[in-house]
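I opened this notebook to look up how the chains of one model meet, and I note each value as I find it.

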Protein chains: 2
Amino acid sequence: MQAGDVTKYEYFVTKGCLKVYTIDEDGVPHISMFAVEDYWTGDIASFMTKESTPYFIKATEDSELLGISWTNYELLFQEIPKFERFYRILYQRSLISYIRRSNQGISLTAEERYIEFKKKYPNIVNRVTQKDLAGYIGITPEFMSKIISKVNRM
Amino acid sequence: MQAGDVTKYEYFVTKGCLKVYTIDEDGVPHISMFAVEDYWTGDIASFMTKESTPYFIKATEDSELLGISWTNYELLFQEIPKFERFYRILYQRSLISYIRRSNQGISLTAEERYIEFKKKYPNIVNRVTQKDLAGYIGITPEFMSKIISKVNRM
DNA sequence: TAAAAATCTTAAACTAGTTCATTTTTTTTC
DNA sequence: GAAAAAAAATGAACTAGTTTAAGATTTTTA
């Protein structure tokens, strides 16, 4: 996926690891999410509104995804209304985790955010580069390096 | 609503303004959201899981709310399955705005976050104290004061 | 497997944001 | 409408996180 495109699919990851990110005016990447096995990914805003996405998606490992198009997504609800419930609960859970993340972004220090990330995603922390982790935590790779060596020393 | 309670209701605001916030170990308040007319509020995580909430909710103006209990919420879906769709779309929209907020929290400076807030919520910015706004933006009231006078000077 | 490219580390100088203390302004209460 | 309480402003000293630059380590590619 490339910034500027209109998102045609939502993806479910069956294998691998991907990063979803924006690039700001200064060329600095900011990582919105990492998607590993059993995660949904894409840009739900662009998928819904058909406006262009600000995100790039790149696989960081060989990956396998399933995609659902807007047409099939709508059709799914029409033909099998029980899927409304499925997605209602899926979005509700997603919402809970994004509410938590947005609160942590404004109330925790970078070091605390790193410790939380490690605790919450022990399966991701060793699969991504420190540089990408820095982009997710919201700090520079240099400061990420300092934090990691400090936390490991503790 | 008080931290420690299990959330029994989700609320829809028909009049007024409320703040939803946590208080950290140092006694510093962090504001998760302001809820004005036509907003839903509460703690959806505690409402769903029946675990205790970390949030306080306080009205900052005289307010009127409608509340729905968990029992009635479940009953609603049972009796009128079309409401699954209604909530599916409601959560989908909410999700979009929290994804945006969590990205801004890690990629923008405090000044940029303030400017975005003013642009996105012109109807809220003048209804809340600077201190509460600081708690939402994620900075101290002192720094909020500096930013506001700087931005007004521009 | 050597060379090139990317990532990670370290350190010094800098800036965004905090802390603490004091004064001024606004709001609330009796 | 005076007194008290809360919010806002200001400034000086501080800390968390950035920037720039250079060297060390790991990964990728030919």
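I began with the contact (heavy atoms within 4.5 Å), which takes 31 residues from chain B and 32 residues from chain A. Before going on I noted that this is a predicted model, in which local features need pLDDT of at least 70 and side-chain atom pairs count only at pLDDT 80 or more, while totals for chains, interfaces and linings use all residues. Residues are numbered from 1 along each chain as its sequence is written, chains are lettered from A and ligands numbered from 1 in the order in which they are written, and side-chain values use heavy atoms, with hydrogens and water left out.

Next I looked up the buried area (the accessible area, with a 1.4 Å probe, that two parts lose on being put together, summed over both), and between chain B and chain A I found about 3,000 Å², of which carbon and sulfur atoms give 65%. On the side of chain B, Arg88(B), Leu95(B) and Ile106(B) lose the most area to chain A, together 22% of what that side buries.

I then turned to salt bridges (a side-chain nitrogen of Lys or Arg within 4 Å of a carboxyl oxygen of Asp or Glu), and the count between the two chains is 4. Arg85(B) forms a salt bridge with Glu84(A), and their closest N and O atoms are 2.7 Å apart. Among helices (DSSP runs of H or I, at least four residues, numbered from the N terminus), I noted that H3(B) gives the most to the side of chain B that touches chain A, with 17 residues.

How values were computed
Helix = DSSP H or I, 4+ residues; strand = E, 2+ residues; numbered from the N terminus.
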